[in-house]
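This report goes through one structure part by part. Please keep the sequence and the 3D view at hand while reading.

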Amino acid sequence: MESAWIVLRQTAVMAILMAVGYLLFRFKKISVEGSKSMASLLFWVAIPSVILNSFCIPRTAEKDQILWQSTILAVVALGLAMVVSWLVYRKKPIDEFGSAFSNAGFIGIPLVQAAYGQEMVFGIVALIALLNILQCTWGILVMTHKRESVAPAALLKNPIIWASVLGVILYLSGAGAYLPDVVTSAVGFSAGMNTPIAMMVLGVYLAQTNLRSMVTDPGLYGLSLLRIVVIPTLTLAVFLLLPFDTTLRMAVFVAAAAPVGANVAVYAQLHGLDYQYACKTVTLTTLLSVILLPLMVALAGWVM
């Protein structure tokens, strides 16, 4: 229950930061191009720094166990979400993509940091890395239905993938625990940008959304319930069967239960799909998660 209160507090803080981004856009202090630059900063610097930061720790048998257990949990969570999304939305590519992939980076990381500490971010890096790989491959196939749209080279250009690979190397070699303070401080400061910038970018998305059409669309509420309630509930049921560390299962669950990831809007725009609708899926599920996500975390904490 304590974790649920921490998540509730953190989601409220993030809602305030979203409101800041919303107002800045409305008062023309941030432009659409400016928000794209902020999103680029997140993608290329902040999230990779968070991942690297989590690997700059001494290697221990306990951490090794967390790494392989979290990888199994990530495969289970993402596999289940993709199957359920395909069954429900296989004829609606944006909805299928959105319900399959949570906002594990933008929202999952700060929630896990707040509820379980920086050290447990190490427990969700496998989920974040695998999620990004699947978005760049399976996700684009879902969006376009064209195999030629999937470029394997795109994986080599993804900084989150590189950060994950470099982080694993640093951790397994033991070098991550002995980096100079000037390096770890720079990485730590860069990682600290993740939460405020991510939430303000989502606030800018909100400001570009037709709120009336969003709040009156029953289909969006169905998508929100699938993403924030149904898929997390099924994930929780499977997690209960796995004899892994409870805190680790909770951390991965929180990241996997996050609302629709912002990349659905990015990929929709890149491939000529309905970008505005994709923004609505991100916005409404994020707003509803302020209420529903703490409830799901409370449920998970009660049964685990």
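## Confidence

In which helix of the chain is confidence lowest, and in which is it highest? The lowest is helix H7 (residues 153–156), with a mean pLDDT of 70, and the highest is helix H12 (residues 218–239), at 96.

The model is predicted. Over the chain, pLDDT averages 87, and 96% of the residues score at least 70. Where pLDDT is low, predicted coordinates should not be read in detail.

## Aromatic pairs

Searching the whole structure gives seven aromatic pairs. One of them joins Phe55 and Tyr171, whose ring centres are 6.4 Å apart with 50 degrees between the planes, a tilted arrangement. Phe55 belongs to helix H2 (residues 32–55) and Tyr171 to helix H8 (residues 159–173), so this pair ties together parts that are 116 residues apart in sequence. Both partners are buried: Phe55 has a relative accessible area of 1%, and Tyr171 has 0%.

Phe97 and Phe101 form a pair with ring centres 5.1 Å apart. Their planes meet at 70 degrees, and this pair counts as edge-to-face because the angle is over 60 degrees. Phe97 and Phe101 are buried.

Phe55 and Tyr171 also belong to one aromatic cluster together with Phe122.

## A charge over a ring

Trp86 has a charged residue over its ring face. That residue is Arg90, at 4.8 Å from the ring centre.

## Helix H4

Why is helix H4 described as largely enclosed by the rest of the structure? Helix H4 covers residues 93–100, and seven of its eight residues are buried, so the description follows from that count.

The buried residues in H4 are Ile94, Asp95, Glu96, Phe97, Gly98, Ser99 and Ala100. Phe97 in this list is the partner of Phe101 in the edge-to-face pair described above.

## The loop between H10 and H11

Thr209 is found in the loop that runs between helix H10 (194–207) and helix H11 (211–215). Is Thr209 buried or exposed? Its relative accessibility is 5%, and Thr209 counts as buried because this value is under 20%.

Which residues does Thr209 touch, leaving out those up to four places away in sequence? Thr209 touches Met214, Cys279, Lys280 and Thr283.

Conventions. Residues numbered from 1 in each chain as written. Predicted model: local features only at pLDDT ≥ 70, side-chain atom pairs only at ≥ 80, totals over all residues. Heavy atoms only, no water. Phe/Tyr/Trp six-rings, centres within 6.5 Å; stacked < 30°, edge-to-face > 60°. Helix = DSSP H or I, 4+ residues; strand = E, 2+ residues; numbered from the N terminus. Buried < 20%, exposed > 50% of the residue type's maximum accessible area, 1.4 Å probe, protein only. Lys NZ or Arg CZ within 6 Å of the ring centre and 35° of its normal. pLDDT = per-residue confidence, 0-100. Contact = heavy atoms within 4.5 Å.
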